[in-house]
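Let's take a walk through this protein together, one piece at a time. Have the sequence and the 3D view ready, and look up each residue as we get to it.

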Amino acid sequence: MPKTASATAHRVLRDDPLYTREEAAQYLNVTLRFVTRCVQERRISYVRVGRMVRIPESALAEYLSANSVPPRPR
């Protein structure tokens with residue numbers, strides 16, 4: 001079974017800022033519920049710090065680029 005973009009491991013760099021779910025929602029301009037669902041469905045890579053969930057900025061940028069739709073040619 002081939003790996004999809006969401007199934008591949010995301011490498012977190014030491015200087016990569018970590019966002020809370022609320023901050024990630026602001027970054028993506030979406031609701032907290034949407035980010036929570038993406039984390040639960042593992043559509044966005046995240047890091048567990050104890051019981052807390054943190055989302056690397058690079059994972060948010062990767063999610064945006066993976067879900068960007070190019071314009072239709074005229």
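## Starting with a threonine

Thr 20 has a relative accessible area of 19%, so it is buried. The labels work like this: buried is under 20% relative accessible area, exposed is over 50%, and partly exposed is in between, using a 1.4 Å probe and protein chains only. You'll find Thr 20 in the loop between β1 and α1. Leaving out residues up to four places away in sequence, Thr 20 touches Val 53 and Arg 54. Contact here means heavy atoms within 4.5 Å.

A word on where this comes from: the model is predicted, so local features need pLDDT of at least 70 and side-chain atom pairs count only at pLDDT 80 or more, while totals for chains, interfaces and linings use all residues. Residues are numbered from 1 along each chain as its sequence is written, and side-chain values use heavy atoms, with hydrogens and water left out.

## The overall layout

What does the secondary structure come to? It comes to three helices and three strands. Starting at the N terminus, the order of elements is β-α-α-β-β-α. These are DSSP runs numbered from the N terminus: helices are H or I with at least four residues, and strands are E with at least two.

The protein has 74 residues, and buried ones make up 24% of them. Now take the contacts between residues at least 6 apart in sequence: 52% of them join residues at least 24 apart.

## Where two helices meet

Next, look at helix α1 (residues 21-28) and helix α3 (residues 57-66): their axes come within 11 Å and cross at roughly 40 degrees. Axes are lines fitted to C-alpha atoms, for helices over the stretch in contact, and angles run from 0 to 180 degrees between N-to-C directions.

Which residues make the contact? On α1 they are Ala 24, Tyr 27 and Leu 28, and on α3 they are Glu 57, Leu 60, Ala 61 and Leu 64. Sorted by type, that gives six nonpolar, no polar and one charged. In this sorting, Ala, Val, Leu, Ile, Met, Phe, Trp, Tyr, Cys and Pro are nonpolar, Asp, Glu, Lys and Arg are charged, and the others, Gly among them, are polar.

Asp 16 sits in the segment before β1 (18-19). Is Asp 16 buried or exposed? With 12% relative accessibility, it counts as buried. Its side chain reaches the backbone nitrogen of Glu 57 at 3.5 Å. Asp 16 also touches Pro 56, Glu 57 and Ser 58, again not counting residues up to four places away in sequence.

Thr 36 belongs to helix α2 and counts as buried at 18% relative accessibility. Thr 36 and Val 53 are 17 residues apart along the chain, and their C-alpha atoms are separated by 9.7 Å.

## Positive phi in the loops

Asn 29 lies in the loop between α1 and α2 (32-40). Its phi is near 60 degrees, a positive value in a residue other than glycine. Asn 29 is exposed, with a relative accessible area of 72%.

Arg 42 is in the loop between α2 and β2 (47-49). Phi of Arg 42 is near 55 degrees, a positive value, and this residue is not glycine. At 56% relative accessibility, Arg 42 counts as exposed.

Methods: Polar contact = N/O pair within 3.5 Å; in protein donor to acceptor, adjacent residues only side chain to side chain.
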